[in-house]
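Hello,

Here is the structure for you to look through. Please open it first, then read the notes below.

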Amino acid sequence: DAHERGLDPSSDEVRALAARHRALVDEFTGGREDVREARGRANEANPDAMRAFGVDDALSEYVRRATEA
């Protein structure tokens, strides 16, 4: 929604969403960096799996930028 509305990834609203995203990823991975990296490799190896959930390259880049903001 924020991406579709064109909100800047460094805005407070998007940074709050990115923090929630990080928290969910941490919950999924148990906070383990090796699991996070494996998840990233799996996503890169099979981008169609992510697209099935509505996550395309542009959205992935947007989330990355928001996470780093």
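Helices are DSSP runs of H or I with at least four residues, strands are runs of E with at least two, and both are numbered from the N terminus. On that basis, the element order from the N terminus is α-α-α-α. That gives four helices and zero strands.

This is a predicted model: local features need pLDDT of at least 70, side-chain atom pairs need 80 or more, and totals for chains, interfaces and linings use all residues. Residues are numbered from 1 along each chain as its sequence is written, and side-chain values use heavy atoms, without hydrogens and water.

Now the overall picture. Along the principal axes, the C-alpha atoms fill a box of roughly 30 × 25 × 15 Å. The protein has 69 residues, and 12% of them are buried (under 20% relative accessible area, 1.4 Å probe, protein chains only). Take contacts (heavy atoms within 4.5 Å) between residues at least 6 apart in sequence: 56% of them join residues at least 24 apart.

Next, charge. There are 16 negative side chains and 11 positive ones. Asp and Glu count as negative, Lys and Arg as positive; His and the chain ends are left out. The centres of the two sets lie 3 Å apart, with each charge placed at NZ of Lys, CZ of Arg, CG of Asp or CD of Glu.

Last, which helix gives the most to the lining of the largest pocket? It is α4, with 10 residues. A pocket is an open set of points on a 1 Å grid where a 1.4 Å probe fits, with protein on both sides within 12 Å along at least five of seven lines; lining residues have an atom within 4 Å of a point.

Best wishes

Key:
Buried means under 20% relative accessible area, exposed over 50%, partly exposed in between (1.4 Å probe, protein chains only).
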